[in-house]
Amino acid sequence: MKILVSRIYAFFALSACFATGSISLAQSTAPVTVQLSPGSNVQAAVSAAPPGSTFKFAAGVYRMQSVVPLAGDIFKGKLGVIFNGSQVLTFQLDPAGSGYWVASATASTAQSGTCTTGFPLCGYTQDLFINSKLQTPASTNTGLQPGTWYFDRVNNLVYLPANPTGQTVELGMSQYAFYGSAPNVQVQNIVVQEYANLAQTGAVGGDTWTDGLGSGWIVTGVEAKWNHGGGIVLGTNSQIMNSFIHHNGQIGIKLFGTSSVAASNEISWNNYANYATNWEAGGSKFSTTTNLTVQFNYVHDNNGNGLWTDINNTGTLYQNNTVLHNLGSGIVHEISYTATIKNNVVKGNGYGPTVWLWNAQIAILNSPNVNVFDNTVEVPNGAGNGIAVINQNRGTGTLGPWVATNDAVHNNVITYLGPGGASGLADDTGGTSAVGDQFDYDRYILANGGTNHWYWLTTSMNWSALQAAGHEQHGTCCQ
């Protein structure tokens, strides 16, 4: 009875103290529920409470909070709960006489990643927002125009070309919202925005190098936006579900490890900082996964690939995703192993250069034993390809050589809206290693002419030549 009373006392003491932002040591090792409001020190509350506690947030902005959970902690938000990683700046007319408006701010010189030509500042993590609108960084404070800004990182000064009085000016400052190696953490119904995280790291989740990714994280109902690197990056046995991941600087989501899931999310408009898409940028990237499941996601308008497994993934399942209008390929399975790609709608992707069979709606790159079926594929007029298998000399991974062998493409509907674009196998290794690959039972619709919509090994070909080469013996063409 005394133990029960002490635990009840601890619960109410924690709730009362953390609701006002003050700090109290937990009186019990049993998990408790802690109510928090804007102004609370969230990390202090987490550190003082036992592992596995639940933290409930009142609506409002939790600015520059960076939380390292304990094992099993649960973070519950609701409509209007915003974790904002930026600092609000105060400006004055430059006393040095430049004519610009200037504010003091602590600069980070951290950089990472490879930038697209013409965007040399993409690697710097601190973004500036005026009334929540992203501003374009300039390399010098000479000739600043509306919508641009300059960061003098040596002297810790931010320059704007016009008086921002009456507007809210924010500079990304904190690196992560929730991160660290604690297992079985849950983050629910929270907006996470404007964090200054490096490329290849998540504003939710953190990174794989310094802190490590915790296993068994579950992220649901989270909106991750305007974070400089990735929106959400999680480790083994983790789940990203029912979330909206958009307008992040480098990439939307990343998953690693065993039995992770990305389901029922919207992933869109990522890579605003213009990282090089062939380095790593766009909607998603999954690496070194086993039995990854990616399903029922709406992935669109990303500056790069839509869904992308790359490096030593095996047992991947892509199903029931809708993947539209991404700059790169829609679905890519690269230098990996077994995968099933089925029942997806993949249309209008691949607006990068249409060379060889690159920028296909569905692309299998140096990966064996991939089964691609029952997908609806549409190739835009003037861009992209259909379903492509590509074989090159790419080396060996954890389960053997990365070679495009025994890949089966069947029972898909592939529509070409223009006279260009192709499907098939491209091989620049001499044609002896990519064996056992087969296209059959597919239906092709040629909506706007063209004849050579297929490719095999090194040769562009028409329908008759493809069948003569032993493929699509049960396929149909060309309505």
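**Aromatic rings and their neighbours**

Phe55, Phe57, Tyr62, Phe75, Phe83 and Phe178 are joined into a cluster by ring pairs. Rings of Phe, Tyr and Trp (its six-membered ring) count as a pair if their centres lie within 6.5 Å; planes under 30 degrees apart are called stacked, over 60 edge-to-face, and the rest tilted. This is a predicted model, in which local features need pLDDT of at least 70 and side-chain atom pairs count only at pLDDT 80 or more, while totals for chains, interfaces and linings use all residues. Residues are numbered from 1 along each chain as its sequence is written, and side-chain values use heavy atoms, with hydrogens and water left out.

The structure holds 19 aromatic pairs. One of them is the stacked pair of Phe57 and Phe75, at 6.5 Å centre to centre with 20 degrees between the planes. This pair links distant parts of the chain, since Phe57 is in strand β2 (residues 54–57) and Phe75 in strand β4 (residues 74–76), 18 residues apart. Strands (E, at least two residues) are DSSP runs, numbered from the N terminus.

Phe57 also pairs with Phe83: the ring centres are 5.3 Å apart and the planes are at 90 degrees, so this pair is edge-to-face. Phe83 lies in strand β5 (residues 81–84) and Phe57 in strand β2, so the pair ties together parts that are 26 residues apart in sequence. Phe57 and Phe75 are buried, and Phe57 and Phe83 are both buried, where buried means under 20% relative accessible area (1.4 Å probe, protein chains only).

Charges over rings come next. Arg153 lies over the face of Tyr124, 3.7 Å from the ring centre. The charged end of Lys285 sits over the ring of Trp308, at 4.5 Å from its centre. The criterion is that NZ of Lys or CZ of Arg is within 6 Å of the ring centre and within 35 degrees of the ring normal.

Definitions and conventions: Helix = DSSP H or I, 4+ residues; strand = E, 2+ residues; numbered from the N terminus. Buried < 20%, exposed > 50% of the residue type's maximum accessible area, 1.4 Å probe, protein only.
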